[in-house]
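This briefing is for a reader who is new to the structure. Please look over the sequence and the model first, then read the points below by topic.

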Amino acid sequence: MNKMSKVVIAALAFGGSISTASAAGVITDVTASGGGTFNLISNTTDPNVLDLSKTFNSLDPMVLTFTVGHVDGGPGNPYTVTEAITNNTGQSWIDFHFSIQEPDQGQGVVFTEHNSATLSGFTLDPEPSTGPRNLNFTGDLADGGTANASFMLSPFDPGAGNTTTFTLTQVPTIPEPETYAMLLAGLGLMGVIARRRNNKQS
């Protein structure tokens, strides 16, 4: 059921110059569980960019767990996250949802500039459906298709010597069975009308 993939990205987190006195929360580790597979596509030269890919093999949510550490003079917030999301579920999607959860009621991890988040082939739902901790998209992704997401994350700084975690849950949705039934009924009605027209012209 769960496919776990662990990516240690401490080199990204601590790869920046430590030349200033600023402190920041830095992402040092990512694990994934749920309805598919997850990979880090590449370590970019920018320590504040995470480039990910995931494939959904079922409609089960996929949960990314981020471990956040502290660094003085590190790259800091926010992180730009890009994702290639592939639908391998055997069904078309009509919605896609991202949500942030934190332990102990949270410390303030948010989608920075959430209104600028994108998912190709989808439209970002307006507030209040979408906000700093939820991104909800409406659109279409056929089975076998890939949509590209882009958004920004600002993790909480746990303080020197500490770590914390937060999760990013992602889940697609498909049309309800009633929607399919209405579509099939409509197609059937169109076929009946077309046959009657053909019979009248004969």
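Rings of Phe, Tyr and Trp (its six-membered ring) count as a pair if their centres lie within 6.5 Å. On that basis the structure, which is a predicted model, holds 8 aromatic pairs.

**Aromatic rings**

- A pair of aromatic rings is described by the distance of the centres and the angle of the planes.
- The ring centres of Phe 56 and Trp 93 are 5.5 Å apart and the planes stand at 85°. Planes over 60 degrees apart count as edge-to-face, so the pair of Phe 56 and Trp 93 is edge-to-face.
- Phe 56 belongs to strand β4 (residues 49-56) and Trp 93 to strand β7 (residues 93-101), so their pairing ties together parts that are 37 residues apart in sequence.
- Phe 56 has a relative accessibility of 0% and counts as buried; Trp 93 is also buried, with a relative accessible area of 1%.
- Phe 96 and Phe 98 make another edge-to-face aromatic pair, with 5.1 Å from centre to centre and 65° between the planes. Both Phe 96 and Phe 98 are buried.
- Which residues form one aromatic cluster? They are Phe 56, Trp 93, Phe 96, Phe 98, Phe 111, Phe 137 and Phe 151.

**Strand β4 and its partner**

- Strand β4 is mostly covered, as 7 of its 8 residues are buried.
- Is the pairing of β4 and β6 parallel or antiparallel? The two strands pair in the parallel sense, over 8 bridges.
- Within this pairing, Leu 50 has Val 81 in β6 as its bridge partner.

**Salt bridges**

- Side chains of opposite charge can pair when their charged atoms come close.
- The count of salt bridges comes to 2.
- One of them joins the side chains of Glu 83 and Lys 54, at 3.0 Å from N to O. This pair links distant parts of the chain, with Glu 83 in strand β6 (residues 79-87) and Lys 54 in strand β4, 29 residues apart.
- Are Glu 83 and Lys 54 buried or exposed? Both are buried.
- Glu 102 forms a salt bridge with Arg 133, and the closest N and O atoms are 2.6 Å apart. The pair again links distant parts of the chain, 31 residues apart: Glu 102 is in the loop between β7 and β8 (110-112), and Arg 133 is in the loop between β10 (122-124) and β11 (134-141).
- Glu 102 has a relative accessibility of 15%, so Glu 102 counts as buried, because buried means under 20%. Arg 133 is partly exposed, with a relative accessible area of 28%.

- Where is Asn 57? Asn 57 sits in the loop between β4 and β5 (62-72).
- At a relative accessibility of 41%, Asn 57 counts as partly exposed.
- Leaving out residues up to four places away in sequence, Asn 57 touches Gly 35, Gly 36, Thr 37, Asn 88 and Thr 89.
- Asn 57 and Gly 36 are 21 residues apart in sequence, while their C-alpha atoms are 4.9 Å apart in space.
- The side chains of Asn 57 and Asn 88 are joined by a polar contact of 3.4 Å.

Notes. Residues are numbered from 1 along each chain as its sequence is written. This is a predicted model: local features need pLDDT of at least 70, side-chain atom pairs count only at pLDDT 80 or more; totals for chains, interfaces and linings use all residues. Side-chain values use heavy atoms; hydrogens and water are left out. Rings of Phe, Tyr and Trp (its six-membered ring) pair if their centres lie within 6.5 Å; planes under 30 degrees apart count as stacked, over 60 as edge-to-face and the rest as tilted. Helices (H or I, at least four residues) and strands (E, at least two) are DSSP runs, numbered from the N terminus. Buried means under 20% relative accessible area, exposed over 50%, partly exposed in between (1.4 Å probe, protein chains only). Contact means heavy atoms within 4.5 Å. A polar contact is a pair of N or O atoms within 3.5 Å; within protein, one must be able to donate a hydrogen and the other to accept it, and residues adjacent in sequence count only if both atoms are side-chain atoms. A salt bridge is a side-chain nitrogen of Lys or Arg within 4 Å of a carboxyl oxygen of Asp or Glu. Two strands pair if DSSP finds at least two bridges between them.
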